[in-house]
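Dear colleague,

I am passing the structure on to you below, followed by a short account of what was found in it. Please read the account with the structure open beside you.

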Amino acid sequence: MYRLDTSTREGAVPVGGGQGRVLELAVLGSLHETPLHGYELRKRLNALLGMFRAFSYGSLYPCLRSLLTQGLIAEEQPAPATIVGGRSKIVYKLTAEGKERLQELLTQAGPSAWEDESFGVHFAFFRHTEAEVRLRILEGRRSRLEERLDAVRTALARTRERLDSYTLELQRHGLESVEREVRWLNELIATERRASSEERPEGDTTSTDE
């Protein structure tokens with residue numbers, strides 16, 4: 001069983017361990033696109049994280065406080081002249097240190113980037129990720145799912161006779177879902193390898209296959 005990377009930056013305030021790191025990546029990646037106030041950030045994170053796992057709003061503000069403490073993000077008050085009624089909304093923006101931390105997170109291609117709770121978030125920011133790292137994450141995710149397929153098929157073969165028809169259909173549905181994702185990953189990996197071959201300097205015969 002793999003161990004997640006539990007290292008933190010000096011002065012960091014860990015928020016939720018591995019899940020906190022996923023949220024940290026999602027927040028920094030979202031603010032890299034544009035500064036956002038809290039409500040906008042919540043909506044963006046819900047659209048991003050909600051696709052892959054349950055997202056608790058209660059975990060967002062401890063994460064923001066931690067990022068502020070570390071100097072990875074900064075608060076910006078809108079100019080008084082731009083406030084039209086109601087409370088002013090604090091805008092969060094990425095600092096130079098935050099951009100460095102985001103790049104650090106985007107270079108991580110180990111097992112923690114392949115798991116169900118984190119793969120989708122890493123994938124969402126692939127446009128900011130180096131091609132080599134993208135390929136390692138995709139291949140790692142495929143390997144993990146192939147292991148899962150083998151385990152599910154073995155378990156299904158052993159228990160098929162003891163399952164009622166509804167449970168059996170549920171098992172088949174799960175199996176088909178994983179098979180579809182493996183096919184999707186195969187297509188993405190092939191595309192990444194073709195792109196890498198096209199970008200390789202003329203005369204470089206280095207293979208992209210492991």
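F123 is partly exposed, because its relative accessibility is 28% (partly exposed lies between buried, under 20% relative accessible area, and exposed, over 50%, with a 1.4 Å probe and protein chains only). F126, by contrast, is buried, at a relative accessible area of 8%. Please bear in mind that this is a predicted model, in which local features need pLDDT of at least 70 and side-chain atom pairs count only at pLDDT 80 or more, while totals for chains, interfaces and linings use all residues. Residues are numbered from 1 along each chain as its sequence is written, and side-chain values use heavy atoms, with hydrogens and water left out.

The structure holds four aromatic pairs (ring centres of Phe, Tyr or Trp, the last by its six-membered ring, within 6.5 Å; planes under 30 degrees apart are stacked, over 60 edge-to-face, the rest tilted). The rings of F123 and F126 are a tilted pair, because their centres are 5.0 Å apart and their planes stand at 50°.

With kind regards
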